Amino acid sequence: MDIKQYMQTVGRQARTASRRLASASTAEKNAALMHLASAIRRDKAALLAANTQDLDAARAAGLEPAMVDRLTLTDKGVDSMAEGVEQVAKLPDPIGEMSDFKFRPSGIQIGKMRVPLGVIGIIYEARPNVTADAAALCLKSGNAAILRGGSEAIHCNRAIARLVQEALQAAGLPADAVQVVDTTDRAAVGELITMREFVDVIVPRGGKGLIARLLAESRVPMIQHLDGNCHVYIDDDADPAKALKIVENAKTQRYGTCNTAESLLVARSVAAAQLPAIAAMLTGKGVEIRGCPETCTLVKEAVPASEDDYYTEFLAPIISVKVVSGIDEAIAHINQYSSKHTEAIVTDNHPKAMRFLREVDSSSVMINASTRFADGFEYGLGAEIGISTDKIHARGPVGLEGLTSQKWVVLGDGHVRA
């Protein structure tokens with residue numbers, strides 16, 4: 001296969017399809033989405049069989065447990081995939097929405113209209129559900145999509161792609177509106193991220209190696225995050241039961257996700273009372289604790305943490321722990337070591353909770369809730385295209401609105417400029 005020629009063809013087809021999709025009605029887009037959800041449920045056995053092929057190959061290749069976890073598609077996962085597509089169908093269509101109209105002294109009326117970005121390239125590893133989520137969000141927001149999944153999920157991605165194109169054609173929309181790159185050759189990524197004439201934005205979802213490569217080589221704007229080093233801070237005024245429950249969920253529900261807590265901060269005034277019980281829960285679930293000297297004094301199972309540990313997204317049953325003097329040190333620590341993804345405070349002190357919200361510089365900041373809530377499904381976005389830790393255009397879980405732009409609209413009645 002001539003990769004450059006192949007990717008140019010994919011890009012050209014996507015650009016053509018994007019023009020038709022930009023003018024598609026809400027009814028057409030929703031019809032395609034509902035057909036897709038039904039097809040996913042109909043072909044559940046085939047999707048699980050394809051995923052089994054991918055998992056067998058992944059284990060044979062010695063992939064890390066965190067990667068295998070992200071690759072795994074369960075019976076419940078297929079149902080969630082279909083439900084996510086249905087939720088996107090039920091969301092308001094943002095395209096064509098007009099807002100912020102004002103009259104100017106000249107007599108003209110100005111406002112804004114929400115429009116698609118155009119063609120979105122999504123590059124991702126593992127997680128076969130991304131294929132359905134990305135297709136649904138791009139379709140509903142009027143964008144064409146070029147999806148390049150990792151080689152480890154090729155069988156499942158192909159199976160989902162067939163269902164997406166079936167759904168598009170059933171609704172009278174071009175099948176090329178969503179294309180899955182049908183090669184595992186890494187050169188395809190190099191082409192995709194430099195095709196400015198065909199691709200308007202790149203959304204990478206994967207590990208540090210992938211993101212670092214794209215940051216260095218991409219000529220197309222990106223919506224991205226590099227790490228998910230998320231923190232939970234237990235404040236002086238934290239309820240012990242709430243703290244234990246939140247840390248347990250944030251760290252141990254799943255280890256391989258970007259919204260899993262990797263760092264725990266505990267106020268010194270409550271450390272002796274609360275940290276041993278939290279540590280017992282964590283070690284009881286097989287979590288290794290890497291702590292500061294005070295943590296190691298209070299928790300006999302803890303091992304000394306290095307400076308690098310506080311920067312690390314472990315994606316494993318490991319957590320860094322530090323005892324801090326209070327909210328000032330907690331905020332300073334988070335703003336220094338965090339990857340700007342998601343942070344949570346456990347406290348019953350309202351003024352301090354509000355300070356934490358204002359001063360922590362991350363894309364999602366929470367009060368008395370697990371960091372695991374930081375995803376598009378839980379935020380009511382139906383699904384997410386990814387999570388952005390950037391500050392321009394989109395931040396946090398990126399749903400429909402994050403895949404659109406706005407253009408100025410001017411209304412007149414024969415007005416001319418003096």
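The following legends describe close-up views of a predicted model.

**View 1. Strand β6 and its buried residues.**
Strand β6 spans residues 201-205, and five of its five residues are buried, so the strand is largely enclosed by the rest of the structure. Val 201, Val 203 and Arg 205 point one way from β6, whereas Ile 202 and Pro 204 point the other way. In a regular strand the side chains alternate between the two faces of the sheet. Strand β3 (residues 119-124) runs parallel to β6 and is joined to β6 by five bridges. Within this pairing, Tyr 124 stands opposite Arg 205 of β6.

Val 203 lies in strand β6. The relative accessibility of Val 203 is 1%, and the residue therefore counts as buried, the cut-off being under 20%. Apart from neighbours within four places in sequence, Val 203 is in contact with Ile 120, Gly 121, Ile 122, Ile 123, Ile 223 and Ile 385. Gln 13 is 190 residues from Val 203 along the chain, and the C-alpha atoms of the two are separated by 19 Å.

**View 2. Strand β4 and its pairing with β3.**
Five of the five residues of strand β4 (residues 144-148) are buried, so β4 is largely enclosed by the rest of the structure. Ala 144, Ile 146 and Arg 148 point one way from β4, and Ala 145 and Leu 147 point the other way. Strands β3 and β4 pair in the parallel sense over five bridges. Ile 120 stands opposite Ala 145 of β4.

**View 3. The largest nonpolar core.**
The largest nonpolar core has 53 residues, of which Ile 40, Val 85, Ile 122, Leu 147, Leu 173 and Ile 385 touch the most other members. Not counting residues up to four places away in sequence, Ile 385 touches Ile 122, Ala 134, Leu 137, Cys 138, Val 203, Arg 205, Val 398 and Leu 403. A second, separate core contains 43 residues, including Met 281, Val 287, Cys 292 and Ile 331.

**View 4. Packing of helices α2 and α6.**
Two packed helices are described by the angle between their axes and the distance between the axes. The axes of helix α2 (residues 26-42) and helix α6 (residues 129-140) come within 9 Å and cross at roughly 165 degrees. Helices α2 and α6 are therefore roughly antiparallel to each other, and their crossing is left-handed. On the α2 side the contact is made by Lys 29, Asn 30, Ala 32, Leu 33 and Ile 40, and on the α6 side by Ala 132, Ala 136, Leu 139 and Lys 140.

**View 5. Packing of helices α5 and α6.**
The axis of helix α5 (residues 75-90) comes within 10 Å of that of α6, and the two cross at roughly 10 degrees. This angle makes α5 roughly parallel to α6. Met 81, Val 85, Val 88, Ala 89 and Lys 90 of α5 make the contact with Asn 129, Ala 132, Ala 136, Leu 137 and Lys 140 of α6.

**View 6. The seven-stranded open sheet.**
Seven strands form an open sheet in the order β10-β9-β11-β8-β7-β12-β13, with parallel pairing. Strands β10 (303-304) and β13 (364-367) stand at the edges with a single partner strand each, so one side of each has no neighbour in the sheet. Two bridges join β10 to strand β9 (residues 288-291), and Gly 291 has Pro 304 of β10 as its bridge partner. Helix α10 packs on the sheet, where α10 touches β7 (230-234), β8 (261-267), β11 (318-324) and β12 (342-346). The direction of α10 makes about 170 degrees with that of β7.

**View 7. Packing of helices α10 and α11.**
The axes of helix α10 (residues 240-252) and helix α11 (residues 268-284) come within 10 Å and cross at roughly 30 degrees. The crossing of α10 and α11 is right-handed. Pro 240, Ala 243, Leu 244, Val 247, Glu 248, Lys 251 and Thr 252 of α10 meet Gln 274, Ala 277, Ile 278, Met 281 and Leu 282 of α11.

**View 8. The surroundings of Val 321.**
Val 321 is placed in strand β11 and, at 1% relative accessibility, counts as buried. Leaving aside neighbours within four places in sequence, the contacts of Val 321 are Leu 264, Leu 275, Ile 289, Arg 290, Gly 291, Cys 292, Thr 295 and Tyr 310. Lys 90 is 231 residues from Val 321 in sequence and 42 Å away in space, C-alpha to C-alpha.

Notes
Residues are numbered from 1 along each chain as its sequence is written. This is a predicted model: local features need pLDDT of at least 70, side-chain atom pairs count only at pLDDT 80 or more; totals for chains, interfaces and linings use all residues. Side-chain values use heavy atoms; hydrogens and water are left out. Buried means under 20% relative accessible area, exposed over 50%, partly exposed in between (1.4 Å probe, protein chains only). Helices (H or I, at least four residues) and strands (E, at least two) are DSSP runs, numbered from the N terminus. Two strands pair if DSSP finds at least two bridges between them. A nonpolar core is a set of buried Ala, Val, Leu, Ile, Met, Phe, Trp, Tyr and Cys residues joined through side-chain atoms within 4.5 Å. Contact means heavy atoms within 4.5 Å. Axes are lines fitted to C-alpha atoms, for helices over the stretch in contact, and angles run from 0 to 180 degrees between N-to-C directions. Angles under 35 degrees count as roughly parallel, over 145 as roughly antiparallel, 65 to 115 as roughly perpendicular and the rest as oblique. A crossing is left-handed if the near helix is turned anticlockwise from the far one by less than a right angle, and right-handed if clockwise.
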